[in-house]
Amino acid sequence: MSPPLLSIDRLAVRYGAGANTVTAVQEASLSLAPGTTHALVGESGSGKSTIARAIVGLAPIVAGNVTLDGQPVDPTRAAGAARMRRRVQMVFQNPYASLNPRASVGDAIGEALMLHRPEVADRAAETGALLNRVGLDPSAAGRFPHQFSGGQRQRIAIARALATGAPCLILDEVTSALDVSVQATILNLLRGLQRELGLSYLFISHDLAVVRYMSDAVSVLYLGRIVESGPREAIFTAPRHPYTQGLLAAVPSIRPEAATAAGHIRGEIGDPRNPPPGCRFHPRCPRAAAEALLMARCRTTVPVFTGTDRRVACHAEAEA
Ligand code: ADP
Ligand code: MG
């Protein structure tokens, strides 16, 4: 097996200072094998975007390591961030975050080519080829982002990312703002590009059906901690963390057999500024609620994220 293109190891990210400190991500570890998709799933506020931003140097890493192509890299420093940009590009939910509204599509793509692949002599031809690749007419180069639909704008953002030649894309809720029918066309485009170009994706979504369609591996995030990770089929057919079980039970179309068995997760996701002690999921956990002895441990002790290929951070599972 080839080494991961990208990995993080016990990463922590903290925003703010003093009383306003938010440790948005803690002890997060995951790796992305070349040519595959690793999905990061979790409720809004669980820290998915924070992990993405930290990897590319846009969020303050306070602990842990990032590895790129088998070599350590520090994205918080200019040299590390530059190395990262050559290999990893981000595409956001809102394409205006990755596209300058005042630059024509051709200029946006041309600029990426100039910066990252100066060896490309005929930038106009390459821009046309990239637009073709993402299913747009090359004439789109002469127009501006606002002249396109949401789905077309995501195609443009993807073309701009491809123009850099980076083999890895971080896709942060890229279809979440789109109509379902448009969503499917963008997901299929991404799958096709992965097949043709061997791209690697860190694919961020709160939508489990989309994650199941897109991923090879999955990590489940709860209040800044990864609670479970493993191969896609294992996560979807045999979830082990009560949070993963609850998430899947809430989507009957994915696991009809689990819809009644596990029941839904009660309550709201906690406040990351003041997370529950011990296991952060314990106030909502049906398993801990059913066993007083277990709950005593869940309330006080952070569960270790154990295992290799298949990992879970749960006291009940550690015992089993
Ligand atoms: P997700 O992408 O899973 O919805 P985020 O990574 O955006 O989650 O946010 C994780 C937590 O960090 C949230 O509590 C959010 O309010 C907080 N957060 C995100 N960005 C900042 C920031 N720039 N300053 C302070 N807190 C932030
Ligand atoms: Mg987000």
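**Figure 1. Arginine 191 and the ring of tyrosine 213.** In this predicted model, arginine 191 lies over the face of tyrosine 213. The distance from the ring centre is 4.2 Å.

**Figure 2. An aromatic pair formed by tyrosine 222 and phenylalanine 281.** The count of aromatic pairs in the protein comes to 3. One of them joins tyrosine 222 and phenylalanine 281 in an edge-to-face arrangement, with 5.1 Å from centre to centre and 80° between the planes. Tyrosine 222 belongs to strand E9 (residues 217-222), whereas phenylalanine 281 sits in the loop between helix H10 (258-261) and helix H11 (286-290), so the pair ties together parts that are 59 residues apart in sequence. Tyrosine 222 and phenylalanine 281 are both buried. Ring pairs also bring in Tyr243, which forms a cluster with Tyr222 and Phe281.

Figure 3. Rolling a probe the size of a water molecule over the atoms shows where empty space is left. For this protein, the count is 1 cavity of 30 Å³ or more. About 60 Å³ of space lies in the largest cavity. Phe281, shown in the previous figure as a member of the ring cluster, is also one of the lining residues. By residue class, the lining divides into 8 nonpolar and 3 polar residues, with no charged ones.

**Figure 4. Aspartate 69 in a loop between two strands.** Aspartate 69 has a positive phi of about 50°, although this residue is not a glycine. The residue is found in the loop between strand E4 (61-68) and strand E5 (71-73). With a relative accessible area of 35%, aspartate 69 is partly exposed.

**Figure 5. Glutamate 173 in a loop between a strand and a helix.** Glutamate 173, likewise not a glycine, has a positive phi of about 55°. Its loop runs between strand E7 (168-172) and helix H6 (180-197). Is glutamate 173 buried or exposed? Glutamate 173 is buried, because its relative accessible area is 10%, and buried means under 20%.

**Figure 6. The whole protein as the setting of the close-up views.** The secondary structure comprises 13 helices and 11 strands. The radius of gyration is 20 Å, close to the 20 Å that the globule rule gives for 320 residues, so the protein is as compact as a globular protein of that length. Along its principal axes, the C-alpha trace spans about 70 × 40 × 40 Å. Buried residues make up 50% of the 320 residues.

Terms used
Residues numbered from 1 in each chain as written. Chains lettered and ligands numbered in written order. Predicted model: local features only at pLDDT ≥ 70, side-chain atom pairs only at ≥ 80, totals over all residues. Heavy atoms only, no water. 1 Å grid on protein atoms, 1.4 Å probe; cavity = no way out; pocket = protein on both sides within 12 Å on 5 of 7 lines; lining within 4 Å. Points joined across faces, edges and corners; volume = space filled by probe spheres on them. Nonpolar A, V, L, I, M, F, W, Y, C, P; charged D, E, K, R; others polar. Phe/Tyr/Trp six-rings, centres within 6.5 Å; stacked < 30°, edge-to-face > 60°. Helix = DSSP H or I, 4+ residues; strand = E, 2+ residues; numbered from the N terminus. Buried < 20%, exposed > 50% of the residue type's maximum accessible area, 1.4 Å probe, protein only. Lys NZ or Arg CZ within 6 Å of the ring centre and 35° of its normal. Rg over C-alpha atoms; globule rule 2.2 N^0.38 Å.
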